Amino acid sequence: MKSKQERNADHFRIELESLKIIKNWTDEDLAKRLGISLPTVRRMRAEPYSAKGGYILEIQGMLREAKKDI
């Protein structure tokens, strides 16, 4: 059974990929919109524990807004 932290990491990965799919964005597009580097986006996806809380909240907000358009 996965820990709560592992479940949260999985959920964040899903949110990140969902946003990219809905908006048809690449990692580079997302990095530009967040004002961060491409390696940082890739690291967030590979190691969600490394993601700063502000980026997580921003991605979640972007995803909520993107879902309104579909």
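In this predicted model, the largest nonpolar core comprises 15 residues. Those with the most contacts inside this core are Leu19, Leu30, Leu34, Ile36, Val41, Met44 and Ile59. Four helices, α1, α2 (27–34), α3 (38–46) and α4, each supply at least two core residues. Helix α4 gives the most, with 4 residues. In soluble globular proteins, nonpolar side chains tend to be buried together.

Leu19 was examined individually. Neighbours within four places in sequence were left aside. Leu19 then contacts Trp25, Leu30, Ile59, Met62, Leu63 and Ala66.

Helix α1 (residues 4–23) packs against helix α4 (residues 53–68), their axes coming within 9 Å and crossing at roughly 45°. The crossing of α1 past α4 is left-handed. On the α1 side, the contact is made by Phe12, Glu15, Leu16, Ser18, Leu19, Ile22 and Lys23. Helix α4 contributes Ile56, Ile59, Gln60, Met62, Leu63, Ala66 and Lys67. By class, the residues of this contact are 9 nonpolar, 2 polar and 3 charged.

Helix α1 also packs with α3, at an angle of about 135° and with the axes 9 Å apart. That angle makes α1 oblique to α3. Here Phe12, Arg13, Leu16, Glu17 and Lys20 of α1 meet Met44, Arg45 and Ala46 of α3. The contact of α1 with α3 holds 4 nonpolar and 4 charged residues, with no polar ones. Phe12 and Leu16 take part in this contact and are also among the α1 residues that meet α4.

Note on methods:
Residues numbered from 1 in each chain as written. Predicted model: local features only at pLDDT ≥ 70, side-chain atom pairs only at ≥ 80, totals over all residues. Heavy atoms only, no water. Axes fitted to C-alpha atoms, helices over the stretch in contact; angles between N-to-C directions. Left-handed = near helix turned anticlockwise from the far one by under 90°. Contact = heavy atoms within 4.5 Å. Nonpolar A, V, L, I, M, F, W, Y, C, P; charged D, E, K, R; others polar. Core = buried A, V, L, I, M, F, W, Y, C linked by side-chain atoms within 4.5 Å. Buried < 20%, exposed > 50% of the residue type's maximum accessible area, 1.4 Å probe, protein only. Parallel < 35°, antiparallel > 145°, perpendicular 65-115°, else oblique.
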